[in-house]
Amino acid sequence: MKSTLLWSGIASLAQLIWLVLAGPLALGLMRKVRSVIEGRDGARVTQPLRDLRKLAARQRTRPTDATWIFSAAPLVLVASALVLGALSPLASLHVLMSSRVDVVAVLFVLLLGSVALLLSALDTGTAFAGMGSSRAAMVGAMTEPALLVAILAMSLGAGTSNLARLVDAGVATSTLAGPARILALVSFFIAVLAETGRLPVDNPATHLELTMIHEAMILEYAGPDLALITWGESMRLVLLVGLFSNLALPWGIATSVGALSLGVGLLALTLKVAVVAIGVSLFEVTTAKLRLFRVPELLAGAFLLGVLSVISAVALR
Amino acid sequence: MIYALLATPLVTGLVSALVPWRRWVPLLGVASLLGVLAVALVLAHDALHSPARALHGSLAVDPLSALMLLVIGAVGLLAAIGGVRYLDLQLARAQCSTRQASLYAALVQGFIAAMLLTVLARNIAIMWVAVEATTIVTTFLVGHRRTRGAIEASWKYIIICSVGIALAFLGTILLYVASSHTGGPASLDWATLVREAPQMNHAVVRLAFSLIVLGYGTKVGLAPLHSWLPDAHSQAPAPVSALMSGVLLAVAFYAIVRCRSIAVSALGSDFVRTTLLISGLATLVVAVSMLLAQRDYKRMLAYSSMEHMGLLCLGAAAGTPLAFAAVLLHMIGHGLAKGVLFLGAGEILELEGTSEIAQVRGLLARRPALGGLFALGLAALLGLPPFSVFASELGLVRSLSAAGLTWVAGLALAALALVMVGMSAPAATMLLGPGTGRATSPRLVRAPLGAALGVLALVGVVAWPLSLLIHAGATVAAQ
Amino acid sequence: MKVSYVTPLDLAVVVVIVTAALTLWRQSLVASLRALSLQGVGLGVVAMVLGAHRRDPVLVFVGVLVLLIKGAAIPRLISRVVARDHPGREGSPLINIPASLVGAGLLTLLAFGATRGLVALIATPAARLIPFGVATTLIGFFAMVVRRRAVSQIVGLLTIDNGIALTAFLATSGVPLVVELGVSLDVLLAVAVLRVLAGHLHRQFNIQDLDQLRDLHD
Amino acid sequence: MTFRIAVRALTRRSRDAEILAAPTTLHPSAARLHGSLQVRHVDAGSCNGCELELTSCFSPVYDVERFGARLVASPRHADAIIVSGPVTHNLHEPLRKTYDAMGEPRLVISLGDCAHDCGEFRGAYGVAGSVDDVLAVDAHVPGCPPHPTDIVRVLRSFTGQ
Amino acid sequence: MTRLLALTVVAGLAAIAWGALSSRARVPLSALALVVSSAGAATLAVRVLATGTNFAWSQTNVLPLGGLDVRLTPLGALFVLVSAVVAIASSVYWTGYARHAMAGRSASASFALFTLSLLVVPMAGNVTTFLFAWELMALSSLILVAHDHARRPESISAARWYAVMTQGGAGAITLALVGLAAHAHSTRFSAIATASTHLSGAVASTFFLFALAGFASKAGVVPLHVWLPKAHAEAPGPVSALMSGAMVNLGVYGIILVGRTLLPQGPQWWWLVVSLLGGTTAAVGALYAATSRDLKRLLAYSTSDNMGLVLLALGASGLSLSTQHPRVASLALATAMVLLVNHSLFKSTLFLGAGAVHAATGSRNMDELGGLSRLMPLTSVTFLVGALAVSAIPPLNGFTGEWLLFQSLLHSLASHDVASVVAGTLAVAAMALTGGLTIIAFVKAFGITFLGRGRTERALGAHEATFSMRVAQGALALACVATGVVPYLLVGVVARGLAGVASPSISGWATLRLSSLSGALTPLFLSGALLGALALVAGWRTLVQRRHGFANVATLEAWGSGRHHQSPQMQYTATSYGEPILRVFDDVLRPDRDLDVSHVVESRYYLERIRYRASNEDVIERFLYRPALALLRAWARRVRVLANGSVHRYLAYGLAALVVILVILK
């Protein structure tokens with residue numbers, strides 16, 4: 001028993017380190033793909049790492065009437081991402097506490113991060129931050145039904161909502177192409193796009209404050225805070241993309257304990273995340289940003305797909 | 001003992017009529033009421049063991065009438081104290097001469113005596129005469145203020161009530177006729193009538209009972225001939241309307257209950273139940289609809305008395321001992337609550353000069369003691385817990401449901417809810433809201449009302465000694 | 001002997017019912033007052049005839065008493081009110097005269113229908129006339145509903161009482177004396193009170209037509 | 001290089017990005033920037049000539065992003081502000097506030113001749129002065145309008161890529 | 001045990017007496033008595049929970065015609081315990097709050113009466129005692145709602161709505177309980193339960209529906225919830241905490257009492273109705289919470305929302321019971337109780353916080369507040385803990401409730417029965433939507449009120465709450481954190497409370513393990529990991545800062561695109577924060593907005609005045625209650641003709657009645 005605990009500890013640590021690096025690199029990769037398709041060479045994939053290192057060297061700033069929440073928010077965002085990175089089955093099924101971490105827990109820990117961000121935006125006391133927070137909250141409120149129903153559909157298939165067993169069930173069952181699974185994955189994908197503020201919902205690279213949703217909230221952060229926030233955001237993106245890829249293409253994840261399977265798992269994970277990240281950025285380049293009040297319709301569509309997948313999961317059982 | 005009971009109010013009445021007006025005359029009235037209450041308590045204690053008899057059997061006190069004596073005594077005392085306050089104000093304002101004041105004091109005592117006679121009479125014809133006497137005596141009390149409205153109210157009061165009572169007399173005659181054809185000698189004595197009832201001719205008893213319900217119903221304020229009630233109560237002086245709606249309606253209902261036991265032993269319960277249900281529900285409908293958009297708070301209180309009498313009618317329709325226990329408890333509760341409210345209303349009228357609900361604002365802010373007592377009285381009237389009306393209304397609903405009339409219980413509860421809708425508006429406008437010029441009304445007003453509410457709350461929580469009398473009375477009524 | 005007592009009885013009862021109809025028919029108040037006193041006399045005669053027939057001295061005494069009170073005392077009490085009622089005429093009652101007479105007819109038919117059971121039960125020759133008693137009551141009630149004048153309402157009330165007293169005499173062998181005294185005392189007091197109130201209405205507020213009395217409404 | 005060939009084979013369009021020489025002299029604070037420069041552009045009253053050139057720097061042809069420079073929305077996120085045009089009276093205080101809003105360490109790059117010595121608009125009634133009069137300028141891009149290669153060169157002198 | 005009951009009641013009565021009579025130190029004395037009384041009740045409840053046996057005591061000649069009968073079942077004990085905890089906190093809070101409001105005689109006496117009746121209602125053993133305590137609770141809370149009538153006209157209309165709807169609800173409950181008692185020929189609940197087996201389906205269903213209507217209106221379930229936001233917004237601080245923390249629970253207690261103990265074999269559609277009601281309440285409550293501007297109205301609607309979730313769990317438990325899944329049924333019931341207790345804890349913290357804000361600034365309109373966290377540090381922390389708990393954020397107790405609700409819905413979907421599947425899916429949808437909207441509501445509530453800059457002088461002049469208020473808020477917030485991190489405190493008590501009604505379904509100290517169902521959660525480890533990560537990242541940041549020689553954080557003016565002056569009015573307000581939701585759901589909420597522009601007479605191009613008015617009233621009140629009241633008023637006007645004053649008309653009624661009698665009885 002003690003050895004498995006040790007190995008799962010190592011697996012968690014490995015996943016943690018992997019996540020910390022994979023975050024910025026995934027961001028760089030997506031920017032690279034985007035600029036290449038736009039015909040320019042674009043910054044190197046490792047550029048985000050350099051940006052973060054440079055930001056870490058800058059001085060922290062704070063608006064005049066901000067409280068402790070403004071300085072605590074980046075910490076909470078990154079901490080929630082790190083915890084999920086360590087505990088959720090990305091590279092290996094046997095991670096620390098894998099039998100006790102639940103997909104709903106993952107969803108709500110992510111929620112902790114976004115609530116911290118929403119509150120910090122209001123703490124600055126500026127108009128843009130307030131607007132960003134209000135819009136992000138609205139989009140968040142619309143995403144949650146789609147996310148939860150998609151998770152319900154998938155966990156119905158596996159009979160449990162425990163993440164490790166969910167992914168394991170994906171590996172074992174052959175009915176990968178079942179309608180319930182596909183509908184659930186599509187609605188999960190749309191929800192992931194909305195949650196991480198990717199293009200159809202929110203344009204991360206915009207400079208016009210009035211069109212921003214997520215970006216407007218972090219206008220006040222500088223130096224290490226800004227670094228932490230972009231780092232946290234990218235880690236959450238990789239985390240969600242990782243979970244999505246594990247659920248969609250479950251092969252390659254380490255099912256047994258041991259260095260070899262862990263290495264294979266990490267490699268498979270990197271590959272899968274890269275593929276999905278490129279897919280996402282390809283999807284982004286081809287679509288324009290939706291008007292703010294068309295976004296609920298998109299998310300309502302995702303929610304409907306989720307409900308259909310639940311019905312089909314139950315009906316076709 | 002019964003002679004003492006009757007003599008006290010009669011003598012006081014005569015004295016206050018003859019003696020020229022003195023300050024102590026109304027106090028004499030209060031003393032006489034205290035005496036009546038004391039004697040009633042003694043009689044009630046005896047009635048539990050052996051009913052007392054007098055005037056070779058024509059006057060008697062069984063548990064049911066003992067309870068009625070208590071109700072008359074209690075509410076009468078409250079009204080008498082209210083009367084002292086009323087007369088002081090009238091004389092201070094020179095709105096009525098000393099002669100009228102002594103007339104008022106005498107008439108009130110006469111009114112009490114008439115009601116006592118009604119309750120004590122064993123002979124239903126004597127009972128009828130006493131009820132008619134109450135009408136005649138109270139006409140001048142209603143019209144005491146000599147305003148156009150008061151005269152109109154008293155004219156309508158005497159006309160409608162006399163017509164109603166005449167019908168009741170026709171019913172009594174028919175009962176007498178029916179009893180004369182049952183072999184034994186014809187008699188109007190209640191006990192013999194109940195004994196002979198099974199042999200009576202059904203058609204005649206059925207007609208007699210309907211006429212009695214219609215006739216005495218006028219005095220109780222039941223539906224068809226109820227219209228005098230709001231007019232009389234809104235124009236009569238506060239103590240008089242307290243007496244009338246607190247106890248006169250109950251005494252008239254007592255008469256119906258007496259006749260009901262004759263009819264039940266003659267016809268069985270279903271005809272009686274349908275008649276009482278029809279009149280009860282009709283009264284409820286009229287009272288509740290009128291309460292919904294009421295503009296005058298005295299008329300509101302009158303219609304609420306009508307609603308409570310409708311509930312009593314439903315309780316009598318159920319007819320089980322539990323139902324009558326609830327009815328009797330309700331009579332006590334309603335009598336006291338209505339007494340408090342009418343005296344309070346009188347005080348508010350004195351304060352504001354108008355009985356329009358819209359004109360009275362922020363009473364709690366301006367007269368906290370009076371407003372508080374009025375609010376608690378309203379709470380008691382609406383059947384909110386610490387007061388006994390809650391227990392009796394719950395008892396009524398339980399008995400209706402136990403008697404298989406759950407749909408009637410539902411209607412009664414719906415009616416109570418609608419009454420709350422209706423009476424919450426006046427209560428809110430009058431009591432709540434800002435008000436300047438805070439003052440406290442005199443102790444003479446606050447003490448009796450507070451004491452009455454205290455008794456109500458006490459009875460509502462622990463009714464131990466009284467409950468024995470109530471249950472005994474209920475068994476007598478539900479024979 | 002049987003023949004002899006029935007005819008005067010029928011005659012007296014007919015007098016009572018006809019005078020009741022008169023109050024509806026005639027417009028002048030003085031006329032209806034005279035009809036009322038005639039009705040009282042008729043009632044007294046009925047009581048006396050019955051008393052004589054049943055050799056019951058109490059009933060005869062009651063008959064005389066009724067004759068005195070209802071025949072003489074009460075009409076004189078009301079006469080002062082009639083004097084003060086200026087036009088002394090009914091004016092236009094709520095329902096025109098022919099219609100009210102038809103109504104009275106219908107009510108009499110109804111009285112006959114309703115008391116069939118009672119008549120069958122008592123089966124004495126006097127019982128045949130009970131429906132007339134009930135009819136008088138109904139007509140009196142109808143008169144009160146229709147007539148506008150204070151006096152006619154008092155007259156209507158007294159007609160109702162006479163009707164009930166008539167029914168009582170015919171249906172029973174006479175109500176016990178105490179009750180009879182109580183009832184007539186009540187009626188007397190009621191009329192006295194009404195007289196005082198009518199006085200106030202006329203003198204203080206100068207109201208002749210009772211339909212004007214509409215201050216107290218919801 | 002192989003990556004670029006593969007991609008161009010894939011996309012098979014657009015002309016090759018300008019091959020630009022590496023910067024010769026590095027700005028002393030380039031070391032702290034570790035090859036990444038976030039720039040906040042402030043138009044203090046320019047005739048938009050410099051803006052056009054600055055935009056073309058970020059176009060596929062000159063693509064300064066290759067060398068680690070990026071435009072950002074808020075001065076808080078920026079290491080340097082690039083100011084174009086003479087400082088007009090209206091923009092004097094906002095420029096000042098933008099500079100104050102940046103955290104330490106902060107750089108100022110003046111773009112074009114107007115920024116350097118008010119160029120054409122010297123002495124105009126609306127002009128408060130050149131950027132040098134308002135802020136301490138760290139680097140200057142000459143020219144009216146400055147050629148994109150010059151802008152890229154100055155920017156690369158900070159990123160050192 | 002009887003001594004404890006005596007202690008509770010006597011101390012309660014003493015509190016009422018002190019409140020009503022004493023003039024010196026009135027509030028502290030009655031508050032002390034209340035604390036003693038609640039403590040007595042709590043110990044009684046704990047003892048019943050520990051032993052698992054019912055505590056019975058009766059006194060026939062008290063309460064005429066019905067008799068007093070106390071019977072404390074473990075289920076009732078759970079509710080008494082929760083009410084006692086909230087009551088103790090509120091009483092302590094009240095001593096501080098009395099400086100601002102609620103110091104009068106009537107207020108203190110009715111507050112004491114309200115607390116005592118709250119403790120007694122779950123102890124009732126027969127119909128009369130239950131209704132006696134129930135109506136006492138209604139009366140005393142009515143007086144407290146109307147407490148501020150002199151200053152605030154809205155509290156008068158709120159009191160009227162509250163009085164009428166509670167009386168209506170009590171009427172429905174009375175009819176149901178009385179009907180059941182009639183069939184069982186006894187008013188004792190135990191007798192009713194045994195006699196309910198041979199009740200015919202239709203009769204049992206009618207009584208259940210009446211009871212459901214009455215109790216659901218007390219729990220603020222949708223069609224009958226209209227009084228809740230009005231009454232809670234107008235009631236003073238500690239009272240609204242008690243109402244949301246304890247009184248609303250009794251509505252749920254009633255539903256369980258009638259639905260599970262008195263009429264155990266209810267058909268399936270009962271529970272379908274309950275979950276549908278729950279789902280709609282949750283959605284409507286959350287919607288109005290997200291878009292309302294008044295802090296206490298927001299909290300009140302969120303109470304409806306949470307009660308909707310509790311009803312969802314109850315519905316799921318009933319549905320799975322009727323499809324023979326006892327394990328899922330007991331899990332769902334335990335979830336309902338956990339949700340309920342969680343709600344009592346965090347909602348009373350929030351209401352006490354809102355009370356403190358109202359005491360400090362004198363306003364509840366969030367658009368006038370802002371920047372209070374610097375002026376009221378502890379209140380803002382406790383409010384933040386409450387807000388995070390409501391939004392079910394992990395380390396706190398709301399999260400355990402939401403997780404359990406998701407598990408019970410997931411496992412209830414496992415059954416093949418179509419009805420429970422449809423209900424389950426809608427339930428999850430409702431739960432998810434309310435989750436999102438609650439986050440908006442509470443980020444707004446905390447952010448707009450406490451963060452940013454003070455928008456008006458009221459906000460700038462605020463001062464921290466008094467010591468006793470802070471103690472109460474702090475204690476409740478700590479309770480939220482404790483039950484969140486170590487859920488066994490809560491789940492253990494709930495399992496023992498439901499011993500009579502359902503089999504134990506959740507076990508495990510640090511980890512919540514669903515017995516015989518797959519699903520586990522370890523909030524303890526999760527919180528530990530989060531704290532560790534936080535420390536790690538904070539360390540990294542300070543290290544980096546020191547290495548690059550920046551000793552402290554630069555405090556600069558907030559960046560407003562170089563604008564000249566950033567005034568507090570430019571910040572987002574509660575209305576604008578909720579506006580996107582209002583726009584997305586405008587066909588559901590139907591807000592009425594009117595814009596009236598008055599032009600200058602001479603030329604239409606120049607505007608004299610533009611007035612924009614937007615109100616977001618409860619749509620159910622507007623389209624269901626207003627027409628009904630209009631109908632009632634129209635009926636009343638038409639009936640008034642009946643009494644037009646003419647004596648002839650009155651006599652005609654009598655004659656008609658006489659004729660009818662004679663015709664019928666021929």
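Residues are numbered from 1 along each chain as its sequence is written, and chains are lettered from A, with ligands numbered from 1, in the order in which they are written. As this is a predicted model, local features need pLDDT of at least 70 and side-chain atom pairs count only at pLDDT 80 or more, while totals for chains, interfaces and linings use all residues.

**Exercise 1. Work out what kind of fold chain C has, and whether its radius of gyration agrees with that of a compact globule.**

Step one: get the secondary structure. Chain C has 8 helices and 0 strands (DSSP runs numbered from the N terminus: H or I of at least four residues for helices, E of at least two for strands). Its pattern along the sequence is α-α-α-α-α-α-α-α.

Step two: check the radius of gyration (taken over C-alpha atoms; the globule rule is 2.2 Å times the number of residues to the power 0.38). The rule puts a compact globule of 218 residues near 17 Å, and chain C comes out at 18 Å, so the two agree. The C-alpha trace spans about 55 × 35 × 35 Å along its principal axes.

Step three: look inside. In chain C, 51% of the 218 residues are buried (20 or more other C-beta atoms within 10 Å of the residue's own; exposed means 12 or fewer, partly exposed is in between, and C-beta atoms are placed from the backbone). Take the contacts (C-beta atoms, placed from the backbone, within 7 Å) between residues at least 6 apart in sequence: 75% of them join residues at least 24 apart.

**Exercise 2. Find which residues of α25(E) are buried, and what covers them.**

Start with the helix itself. α25(E) covers residues 647–664, and its 18 residues should span 26 Å at 1.5 Å a residue; the end C-alpha atoms are 26 Å apart, so that agrees (the expected span is 1.5 Å times one less than the number of residues).

Next, list the buried residues: E:Val647, E:Tyr650, E:Leu651, E:Gly654, E:Leu655, E:Ala657, E:Leu658 and E:Leu662. Down the helix axis they fall within an arc of 160°, so they line one face of α25(E) (the arc is that of the directions from the axis to the C-beta atoms). On the face turned away from that side sit the exposed residues E:Ala656, E:Val663 and E:Ile664.

Finally, the cover. It includes α6 (148–180) and α8 (202–220) of chain B, along with α4 (97–114) and α6 (130–146) of chain C.

Methods. Two residues are in contact if their C-beta atoms, placed from the backbone, lie within 7 Å.
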